[in-house]
Amino acid sequence: MSEPKPPTPTPGDNYKGWLFKWTNYIKGYQRRWFVLSNGLLSYYRSQAEMGHTCRGTINLATANIAVEDSCNFVISNGGAQTYHLKANSEIERQRWITALELAKAKAVHMQAESDDSGDECPAVPPTSGQGGGCRNSEVQSTLRTLNSKVEDLTTCNDLIVKHGSALQRSLTELEAVRVGGDMGEKIRQVTERATLFRITSNAMINACRDFLSLAQSHSKRWQKALQVERDQRIRLEETLEQLAKQHNHLERAFRGATVLPSSFSNSTLGNKGGAGKGDASDEDDDNEFFDAMEDPAEFITVPADPKYHRSGSNVSGLSSETGMDDQSVNFDEQSLASNPESPQPLELEPVRQRRTRIPDKPNYYLNLWSIMKNCIGKELSKIPMPVNFNEPLSMLQRLSEDLEYFELLDKAAKCQSSLEQMCYVAAFTVSSYSTTVHRTGKPFNPLLGETFELDRLKECGYRSLCEQVSHHPPAAAHHAFSEKGWSLRQEITLASKFRGKYLSIMPLGSIQCLFEKSNNHYSWKKVTTTIHNIIVGKLWIDQSGEIDVVNHKTGDRCHLKFTPYSYFSRDVPRKVTGVVTDKEGKAHYVLSGTWDEKMEFSRVMQSSKGENGTEGKQRTVYQTLKAKEIWTKNPLPEGAENMYYFSSLALTLNEHEEGVAPTDSRRRPDQRLMEDGRWDEANAEKQRLEEKQRITRREREREAVKVASSPEEAVTEDSINDSPLKTDAVETATEANEVSEESIHQDNHQALWFEKLDDPVSGETLHVYKGGYWEAKDQAEWDLCPDIF
C-alpha cells in the first residue's frame, strides 16, 4: 500500500514522514514516524502513537546535523542524544536535511530574539523565592487582565445577538407596512436599532483589538518562558539519563563484586555485546527475544567473616562443623589450586608433533534462504544441506573435543574429598562448551557405523573412542579412559528444530564419569544450544538451561545454571553459576564464571536466607572465602578466524594417522575434500555417501522383512485354527506382526564396539564400550568393520 509523498518543506511548515532509525546491532534499522514542529524533531513507532506516546525528541536549536552518505544522516545534541537515520532515497534525505536546517535556523533566531526582549523578570530560571513570586504575580495579573477582556467580549457578543435580532424583526415589519401614517414610526425604530447594533459592533471590535494587542504584547514573554521550561526539561532528562547510567554501572559493579569475584567481573564486564550506535534506550521494548526477561539471581555471595580465614584451632573447629578435614577447609591448596603431578619421576617418551594449521576456509557465496526456507520445522538431521554450512569435522570428533580440558578430571581423580571432586567435575562440564562460542559451522552427520579414535595415551594419558550406533534417530556412543584413574562415557542423541530466526539443538542422553580410586559415579546432561540470526545478521551461539551433576555414591549434587543472553540483562553475557551441596542439601562451594572464558569457585563458610528478590523469591546469602580460579579457556591459535575458529585440539582431530580403523572419520572423503578447500567435489562426494547409506538401509529393511516372515517364526492361519485357545493365538499373532513391523522401520544395526546395557547405579540404559578396539588396532585386524566409505 503506497504512502502519500511528503510535501517539499517550506520555511515555517511542519514536516513529517517515515525514516529508518538505528536501534541496536540485533534489530538494526527500524522504521519510525518522525515529526518536525516548532524546532523540535520527535519520533513515534507509528502515526497512531502521536496522540499519546512520544519515543524521543531532539531540540534542533542546539543540535548538529551531519550527512554520512547518499541516504544516511546523523542528528546529535552533543552526545546525550544521537539519532542515526536513513531515508529511502537521496532526494528524500535532501528534503529532510533542508527542512531540518530551516527549522534549526528559525529556532536559533527565535531563541536570540527572546534573549534580546526586555522582560521585567530575568530569563534565567529564578533560584530564590523572590524571583519565583515575581513570575507568579506577573502571570496572575496577566491572567486577570485577559479574563476581564474575555468577559467584555462575552458581553458584547450577547448584545450583538440581542440587537441584531431586534433589528431583523424591525426590518421584517417594515417590509409588511403599507404606505401610510405608521411608516414614519417604523423607520424611526429601525434607525434606533441599527444605531444600537452599530455601537455594539464597534464595542466588540474594540474589545477584540484590546485582547489581540494584549496577547501580542505578552507573546514574546510566553514564548521565552516556554523555551526556558523546555530547556529545563531537557536538562532534567539528560541529568536523569546520566544518573540512570551511573546507577546501572554501580549496580552492575556491585553485582560483579558479590555474585562474581571482583577480578573476574572487571575483566569481563566490558565484553558484553548488544549495544549499538545511537540512542536505543527508548527503543524496542516489545522486541522478540527468546529470553527477553532477566531471571533474578538465586543466591548472593558475600565475603566471609575474617574469623573463618584464621588457621589453627578455629579452622579445625570449622572443619568438624562442615564434616570435612582441615585440608579441605583451606581449599586443599595441593589438591584444588596447583594439584601437581605425581612426584615420582616418569620416563618421557618423544611424542608426535601435531599440526597447528589447516587450509584457510574459502569464501564461497551461497543463498542461504533458498535452502532454509523449505526446512522450517524439520529435524536438522533430515535436512539435506551442502558442505557450505559445515565445518570439516564430524559429530564424533566434536564429542571428542569435550576432552580438551582433561586435566580437570586428572585433578579430580586426586581429590580426597568428594565435594572438592565435584567442583572439578562441574568445571569440566562447563569447559566442554568453551569451544562452541564462535563455532557456527555444522559438523558432518556421521554415517552409521562410523568411528573416531583419539589416542593421546603417550601425550596426555587417555584414549577415546566414538561410534555412530544409530542413524534414525542419530545417536553416538563415546568412551574414554585415562591412566590417571577416571573413565568417561556418554551416549548423545541430538534433537533439533529450525524456527526461521534461530536453530535450537537439544542434546538427549546422559554423560557419566567414574573414578576408580573412590568409586564415585557422576552423571549429568547437556544444556540447549541456540544459534541465532540464521537468515539475517551475524550468527551467534548461546547456551541456556540447567545442569544437575549428581554423585550417585555420596548423594552430592552441583546445580549449574547457564543464564541465557538477554539484551536487557545487567549480568555479564554467557554467565554460569552453581552451588555444590551434600546429600543433606547443605552448600559447601559456590562456582561462578562464564562458559566461554573461565570458572572460579569459593568455599562457603555460612549461609542464610536473604532479602526477597523479584517475584517474591527469597534468595540465599552465602558467606564465602576468597574465590580461586579452577578453569581458564586456552587461547585460540593464531589465524583461528580463518580456520573455522578451531582450537588447538580441533586442528589435530582430522589429521592423517596410520593404523586407524577403516570406519574412522579421518578417512571420510567428503570431509577431507572440504578441509582441502575443494567444496564442489565435497558436495558431490557427500551426496554419494548419503545415497550409499540409503541403499544399505533399504537392504537391512529387506533382511528384516525376510526374518520377520520366515516359516520358523511366522504364525500361520492353520496354527491359529488348530490352537485350542484360538483367541490367545490371534492376540499372539497380532503382537508378533506389530513387533516385526516396528523392527522394519528401525535401524537393525548392531554396534561393533559398544553394547546396550542397563546401568544399575544411575538406572539409565546406554551403549557401553565392550572392548576389543585397541586390541584390533594393535593387531591391524579390521575384518569386522563395514565398508561405509
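Where is the place of tyrosine 644? Select this residue first: tyrosine 644 lies in the loop between strand S25 and helix H12. Helices (H or I, at least four residues) and strands (E, at least two) are DSSP runs, numbered from the N terminus. The structure is a predicted model, in which local features need pLDDT of at least 70 and side-chain atom pairs count only at pLDDT 80 or more, while totals for chains, interfaces and linings use all residues. Residues are numbered from 1 along each chain as its sequence is written, and side-chain values use heavy atoms, with hydrogens and water left out.

**Stop 1**

Remain at tyrosine 644. Its phi is positive, about 65°, although tyrosine 644 is not a glycine. Most residues other than glycine have a negative phi. Tyrosine 644 is buried, with a relative accessible area of 7%; buried means under 20% relative accessible area, exposed over 50%, and partly exposed in between (1.4 Å probe, protein chains only).

Next, select asparagine 519, in the loop between strand S16 and strand S17 (521–524). Its phi is near 60°, again a positive value in a residue other than glycine. Asparagine 519 is exposed, with a relative accessible area of 54%.

**Stop 2: the whole protein**

Now display the entire chain as a cartoon. The secondary structure comes to 17 helices and 27 strands. Of the 789 residues in the protein, 45% are buried. Among contacts (heavy atoms within 4.5 Å) between residues at least 6 apart in sequence, 61% join residues at least 24 apart.

**Stop 3: the nonpolar cores**

A nonpolar core is a set of buried Ala, Val, Leu, Ile, Met, Phe, Trp, Tyr and Cys residues joined through side-chain atoms within 4.5 Å. The largest one has 65 residues, and those with the most contacts inside it are Trp486, Leu488, Phe515, Trp524, Val549, Leu560 and Phe562. Helix H11 (residues 418–431) gives the most to this core, with nine residues. A second, separate core has 20 residues, among them Tyr15, Phe34, Leu41 and Trp96.

Select leucine 488 and show its surroundings. Not counting residues up to four places away in sequence, leucine 488 touches several residues, including Leu403, Phe428, Ile511, Cys513 and Trp524.

Then colour helix H10. Leu408, Leu409, Asp410, Ala412 and Ala413 are buried in H10. The elements that cover these buried residues include H11, strand S13 (474–482), strand S14 (486–498), strand S16 (511–515) and strand S25 (628–632).

**Stop 4: the open sheet**

Turn to the seven strands that form an open sheet in the order S4-S3-S2-S1-S7-S6-S5, with antiparallel pairing. Two strands pair if DSSP finds at least two bridges between them. At the edges are strand S4 (56–59) and strand S5 (64–67), each of which pairs on one side only. Strand S2 (residues 28–37) and strand S3 (residues 40–44) run antiparallel and are joined by five bridges. Select valine 35 to find serine 42 of S3 opposite.

**Stop 5: an enclosed strand**

Which strand comes next? Strand S18 (residues 528–532) is largely enclosed by the rest of the structure, because four of its five residues are buried. S18 pairs with strand S15 (residues 502–508) in the antiparallel sense over four bridges, and the bridge partner of isoleucine 505 in S18 is threonine 529. S18 also pairs with strand S19 (residues 540–551) in the antiparallel sense, over five bridges. Here threonine 528 stands opposite serine 544 in S19.

**Stop 6: salt bridges**

Side chains of opposite charge can pair when their charged atoms come close. The structure holds 36 salt bridges, each a side-chain nitrogen of Lys or Arg within 4 Å of a carboxyl oxygen of Asp or Glu.

Select glutamate 401. Its side chain meets that of arginine 398 in a salt bridge (3.7 Å, N to O). Arginine 439 also forms a salt bridge with glutamate 401, the closest N and O atoms being 2.7 Å apart. Arginine 439 and glutamate 401 are 38 residues apart, and both are buried.

Finally, select arginine 352 and glutamate 655, whose closest N and O atoms are 3.4 Å apart in a salt bridge. This pair links distant parts of the chain, 303 residues apart. Arginine 352 is partly exposed, at 38% relative accessibility, whereas glutamate 655 is buried, at 11%.
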